Amino acid sequence: MENWDEVRTAFQVARLGTVSGAAEVLGVHHATVIRHVDALEKRLGTKLFQRHARGYTATEAGRDLLSVAQATEEQFGQLVSRIKGQGETVAGELVITSITGIADLLVPVMAAFQTAHPEVIIRFLTDMRLFRLDYGEAHVAIRAGNAPQEPDNVVQPLMTMRWGLFAARSYVDKYGLPKGPEDFASHRFISSDNSDSRAPFYRWLWQHVPQGSIQFRVTEGAAGEAALLAGLGIGFLPLRVGANNPEVVQVMEPLPEWHSQLWIVTHVDLHRTLKVQSFLNQLKAATAGWQLC
């Protein structure tokens with residue numbers, strides 16, 4: 001590219017989603033951001049962004065640019081540190097994505113990491129979508145289910161997350177408890193609204209509970225937990241959460257097929273950077289004794 005400033009500007013627009021956000025990070029006027037993006041699109045002969053009222057969304061070409069620019073920016077940062085004679089430093093943004101429901105486990109790890117490395121800015125993202133590491137959307141991802149199979153990712157086991165089937169005491173007072181799966185049709189259940197969910201406990205629920213009995217459906221774990229505590233139905237909670245809450249009752253003994261393996265996933269291009277390795281070492285040290293959670 002003839003002008004790296006234009007690429008760097010487009011990278012920040014793709015990362016942040018707005019012209020104003022990119023302008024603030026880069027320390028330039030928003031008109032400069034627009035001019036850089038327009039010039040880059042003209043030079044490449046393709047649209048990098050879809051413009052809409054809420055900001056800019058990267059097209060497929062824009063996401064490709066984001067991937068290359070992310071890796072390049074990381075490499076430039078390492079190069080500058082080496083030139084200054086400091087060696088590679090642990091600083092700048094660290095983007096961590098995770099499934100919902102384990103923030104109470106991960107945030108203390110991140111807090112300790114940030115205390116040890118105060119120049120790191122942590123972005124902890126728990127959106128339901130699957131972030132693309134190959135597009136530079138995150139440095140580290142915590143995923144559940146079967147081991148991710150993307151060829152350019154480094155996948156390591158983290159721990160097993162155990163789940164139980166619970167009901168609020170207010171639900172039990174009103175409807176009682178099922179004696180077993182044969183009674184499920186006469187009860188109310190809480191489940192994910194996503195029929196393609198990879199969560200093993202939800203797959204089990206759909207196989208054993210009539211669709212008509214799944215009367216409250218959610219898109220994220222916190223809403224499901226709130227619905228369960230409100231007595232709207234029987235649903236799943238992490239065992240560590242349900243077992244310590246006196247307001248809920250365990251419906252049946254946990255089954256092994258409900259539990260899900262958690263994985264640490266990083267992209268091969270960023271896996272061995274000092275920043276990522278430092279965080280992985282902190283995470284593994286903190287979770288070494290967990291195994292089950």
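How exposed is Glu93? At 22% relative accessibility, Glu93 counts as partly exposed, where buried means under 20% relative accessible area, exposed over 50%, and partly exposed in between (1.4 Å probe, protein chains only). Before we go on, please note that this is a predicted model, in which local features need pLDDT of at least 70 and side-chain atom pairs count only at pLDDT 80 or more, while totals for chains, interfaces and linings use all residues. Residues are numbered from 1 along each chain as its sequence is written, and side-chain values use heavy atoms, with hydrogens and water left out.

Side chains of opposite charge can pair when their charged atoms come close. A salt bridge here is a side-chain nitrogen of Lys or Arg within 4 Å of a carboxyl oxygen of Asp or Glu, and the count by this rule is 9 salt bridges. In one of them, Glu93 meets Arg15, with 2.6 Å from N to O. Because Glu93 lies in strand 3 (residues 92–98) and Arg15 in helix 1 (residues 4–16), this pair ties together parts that are 78 residues apart in sequence. Helices (H or I, at least four residues) and strands (E, at least two) are DSSP runs, numbered from the N terminus. Arg15 itself is buried, at a relative accessible area of 18%.

Glu93 also forms a salt bridge with Arg123, and here the closest N and O atoms are 3.7 Å apart. Arg123 sits in strand 4 (residues 120–125) and Glu93 in strand 3, so this pair joins parts that are 30 residues apart in sequence. The relative accessible area of Arg123 is 24%, which makes this residue partly exposed.

Another salt bridge joins Glu41 and Arg51, whose closest N and O atoms are 2.9 Å apart. Glu41 belongs to helix 3 (residues 30–44) and Arg51 to strand 1 (residues 49–52), and the two are 10 residues apart. Glu41 is buried at 7% relative accessible area, whereas Arg51 is partly exposed at 34%. Both take part in a network of salt bridges that links Asp38, Glu41, Lys47 and Arg51.

Now for the way helices meet. The axes of helix 1 and helix 2 (residues 19–26) come within 8 Å and cross at roughly 125°; axes are lines fitted to C-alpha atoms, for helices over the stretch in contact, and angles run from 0 to 180 degrees between N-to-C directions. That makes helix 1 oblique to helix 2, since angles under 35 degrees count as roughly parallel, over 145 as roughly antiparallel, 65 to 115 as roughly perpendicular and the rest as oblique. The contact (heavy atoms within 4.5 Å) involves several residues, including Arg15 of helix 1 and Ala22 of helix 2.

Helix 2 also packs against helix 3, at an angle of about 105° and with the axes 8 Å apart. These two helices are therefore roughly perpendicular to each other. On the helix 2 side, Val19, Ala22 and Ala23 make the contact, and on the helix 3 side His30, Val33 and Ile34 do.
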